[in-house]
Amino acid sequence: MRIAVTGSIATDHLMTFPGRFADQLVADQLHTVSLSFLVDNLDVRRGGVGPNICFGMGQLGGRPILVGAAGYDFDEYRAWLDRHGVDTDSVRISEVLHTARFVCTTDKDHNQIGSFYTGAMSEARLIELKAVADRVGGLDLVLIGADDPEAMLRHTEECRARAIPFAADFSQQIARMNGDEIRTLLDGATYLFSNEYEKGLIESKTGWTDEEILSRVGHRVTTLGSRGVRIERVGETPVEVGCPEEKAKVDPTGVGDAFRAGFLTGLSWGVGLERAAQVGCMLATLVIETLGTQEYTLQRAHFMERFTKAYGDEAATEVRAHLAV
């Protein structure tokens, strides 16, 4: 399968302040705050839902097509993704804007002050999927992840117009979207991804019941945190898959992206919904045990050993036949 993944491309700049923000605030001067914090360290991490998902697919041996907009400072990030099996030739490079960036400082009490610069992400709305499809010989599925809202709407409408199957995955953009936008983005999706909280928010904002939404999509995929995932289809018994045992819970950032990477890769292998969900849950477990969204290394023997322990020999035999070194 030729799978394109659209979504934000960003870097995270994370700093630690050894003191407390509260100690620097003067109660009667909050209307004119002017502060600078001397931080102890800086951690720069690669991120964005598009690259996170593509990186995971590349680790599993796929060749996902990343579709999004980045700045003229993207060269190092592009080289990293290229080395890890991602097709980056459809990334639009802005001539004037930096790649999107999240800058955050955390104090000793875990309070945070952060800013998100959208930058080149706003140019994702200028990308036409037809050009991507023509370059790679057609698209079998497009995942429409959290990105510039106008880009998400454009990609969805183009998929419908060109009869390209698509997966709707709003994640953090649900908060700023209204009911009409969400209805437009999910109607006709082959897959609708969300977590439990987002599932309720989608229903609340659209005014559609769970049954009405399910009738408008092919599959509703709901991640359940440590309980795994549930996949629903009209007229079918839900598929429920649990998570493998974690060795440690280091960092939950990017776990949902990792699940999607494994699930989509499983679909491309043709192993069926249950197996695809198991691959997704196994990859998500590796990510939660790692600090950072793209800092893990998938070692085939280790992956299969844990996968077998979690899901049994029959499932492992089927997946092993597809998993690349």
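Reader: In what order do the four strands of the open sheet lie?

Author: In this predicted model, four strands make up an open sheet whose pairing is mixed. The edge strands, β3 and β7 (112-117), each pair on one side only. From one strand to the next, the twist averages 15°. The order of the strands is β3-β2-β6-β7.

Reader: Which residue in β6 does L14 stand opposite?

Author: Strands β2 and β6 run parallel and are joined by seven bridges. Within β6, the residue opposite L14 is C104.

Reader: Which strands each supply at least two residues of the lining of the second largest pocket?

Author: The lining of this pocket includes L14, M15 and T16, together with N41, D43 and R45. C104 and T106 also belong to the lining, as do D107, H110 and Q112. The strands that each supply at least two of the lining residues are β2 (10-16), β3 (41-47) and β6 (100-106).

Reader: How do the lining residues of the second largest pocket divide into nonpolar, polar and charged, and what space lies in the pocket?

Author: The lining of the second largest pocket divides into three nonpolar, five polar and three charged residues. The space that lies in this pocket is about 250 Å³.

Reader: Why is strand β4 described as largely enclosed by the rest of the structure?

Author: A residue is counted as buried when its relative accessible area is under 20%. In a regular strand, side chains alternate between the two faces of the sheet. In β4, I65, V67 and A69 point one way, L66, G68 and A70 point the other way, and all are buried. Strand β4 (residues 65-70) is therefore largely enclosed, since the buried residues number six of the six.

Reader: Which residue in β4 does T6 stand opposite?

Author: Strand β1 (residues 3-6) runs parallel to β4, and three bridges join the two. The residue of β4 that stands opposite T6 is V67.

Reader: Through which helix does the chain cross from β4 to β5, and what is the handedness of the crossover?

Author: The chain crosses from β4 to β5 in a β-α-β arrangement by way of helix α2 (residues 75-83). The crossover through α2 is right-handed.

Note on methods
Residues are numbered from 1 along each chain as its sequence is written. This is a predicted model: local features need pLDDT of at least 70, side-chain atom pairs count only at pLDDT 80 or more; totals for chains, interfaces and linings use all residues. Side-chain values use heavy atoms; hydrogens and water are left out. Buried means under 20% relative accessible area, exposed over 50%, partly exposed in between (1.4 Å probe, protein chains only). Two strands pair if DSSP finds at least two bridges between them. A crossover is right-handed if, with the strands pointing away from the viewer, the path from the first strand over the helix to the second runs clockwise. On a 1 Å grid over the protein atoms alone, a cavity is a set of points where a 1.4 Å probe fits but cannot get out, and a pocket is an open set with protein on both sides within 12 Å along at least five of seven lines; lining residues have an atom within 4 Å of a point. Grid points are joined across faces, edges and corners, and a volume is the space filled by probe spheres set on the points. Ala, Val, Leu, Ile, Met, Phe, Trp, Tyr, Cys and Pro count as nonpolar, Asp, Glu, Lys and Arg as charged, and the others, Gly among them, as polar. Axes are lines fitted to C-alpha atoms, for helices over the stretch in contact, and angles run from 0 to 180 degrees between N-to-C directions.
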